[in-house]
Amino acid sequence: MEIIIRPSPEECASIGGRIIADLIKRKPNAVLGLATGSTPIPLYSELARMHKDEGLSFSEITTFNLDEYIGLPGDHPCSYQFFMREELFGKIDIRPESTHIPNGESDDIERECLAYEQAIAASGGIDLQVLGIGSDGHIGFNEPGSSLGSRTRIKTLTGKTIEDNARFFEDPNQVPRHCVTMGVGTIMDSAALMLYAFGEGKAEIISKAVEGPVSAMVPASILQMHPCVKVIVDEAAASQLANIEYYKEVYQNKPDWQK
Ligand code: GLP
């Protein structure tokens with residue numbers, strides 16, 4: 001795991017922007033895995049800026065989002081379909097038919113989940129997956145106790161996640177109880193992973209995910225088993241890491257061959 005600690009979310013986002021731009025230069029038809037929540041918003045603003053100011057093109061890119069609520073129509077402002085159009089897809093030149101978000105409105109969710117897995121495989125697999133982390137350690141919507149080998153499926157949100165996500169809804173009772181999410185195993189199949197976290201509220205869970213034991217009770221801790229992970233955090237989210245000084249030293253003294 002590479003732990004990158006920067007002073008602000010914007011500086012963290014600019015690192016991710018460069019990584020994605022380099023990937024697109026190397027592989028214009030790369031497959032990106034995308035996340036929702038407030039955390040990836042600075043990264044999406046940076047990608048939109050790079051598209052506008054630097055001509056970064058997403059025209060051959062394919063994307064797969066991690067998750068979606070069950071039962072929210074795509075035009076609901078809290079659906080992840082709506083979020084992605086507002087925060088990213090509407091600001092770049094990606095082809096709408098190349099973007100994929102699990103369909104939480106299907107009357108056959110199990111078939112949808114299987115089709116989602118098949119579509120990821122048919123695309124050649126995800127080259128780079130962007131992740132946030134829930135305050136209970138979830139990635140996607142894989143709540144504590146999720147099988148570390150799980151695939152795309154229905155999950156029930158925990159009370160903590162419902163409480164955390166209620167801030168996006170006008171009425172907290174509107175937060176759906178169920179969702180469709182890529183599994184932990186699906187996420188781990190990505191060639192590379194980039195986990196973001198900002199703010200003091202994420203400090204404890206980041207220390208558990210990065211330095212604690214690997215456990216289904218902290219689904220993000222499985223990233224310790226992946227060969228290519230960057231954890232990009234601001235100072236506040238890094239504040240409870242035991243090895244914080246070491247991570248900073250490593251990043252500041254990267255030899256050229258590693259940059
Ligand atoms: C939701 C999403 C996750 C995200 C998490 C954190 O639960 N399903 O993918 O990582 O929220 O949200 P935030 O970034 O707003 O803290």
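How many bridges join strand 9 to strand 10, and do these strands run parallel or antiparallel? In this predicted model, strand 9 (residues 192–197) and strand 10 (residues 229–234) are joined by 5 bridges and run parallel. Within this pair, Met194 stands opposite Lys230 of strand 10. Both strands belong to an open sheet of 7 strands, arranged in the order 1-10-9-6-2-3-5 with parallel pairing. The edges of the sheet are formed by strand 1 (2–6) and strand 5 (99–100), each of which pairs on one side only.

Attention then turns to Met50, which is found in helix 2, a helix spanning residues 41–54. Met50 counts as buried because its relative accessibility is 5%, below the 20% under which a residue is so classed. When residues up to four places away in sequence are not counted, Met50 touches Gly17, Arg18 and Ala21, as well as Gly55 and Leu56. The C-alpha atoms of Met50 and Ile92 lie 9.3 Å apart in space, although the two residues are separated by 42 residues in sequence.

The ligand has 15 residues around it, of which Ser38, Thr39, Asp67, His138 and Lys202 come nearest. An N or O atom in the side chain of Ser38 is 2.7 Å from an oxygen atom of the ligand, while a polar side-chain atom of Asp67 lies 2.7 Å from a ligand nitrogen atom. For Asn165, the distance between an N or O atom of the side chain and an oxygen atom of the ligand is 3.4 Å. On its own the ligand has 390 Å² of accessible area, of which the protein covers 95%.

Key
Residues are numbered from 1 along each chain as its sequence is written. This is a predicted model: local features need pLDDT of at least 70, side-chain atom pairs count only at pLDDT 80 or more; totals for chains, interfaces and linings use all residues. Side-chain values use heavy atoms; hydrogens and water are left out. Two strands pair if DSSP finds at least two bridges between them. Helices (H or I, at least four residues) and strands (E, at least two) are DSSP runs, numbered from the N terminus. Buried means under 20% relative accessible area, exposed over 50%, partly exposed in between (1.4 Å probe, protein chains only). Contact means heavy atoms within 4.5 Å. A residue is near a molecule or strand if one of its heavy atoms lies within 4 Å of it. A polar contact is a pair of N or O atoms within 3.5 Å; within protein, one must be able to donate a hydrogen and the other to accept it, and residues adjacent in sequence count only if both atoms are side-chain atoms. Accessible areas come from the Shrake-Rupley method with a 1.4 Å probe; for residues, only the protein chains shown count as cover.
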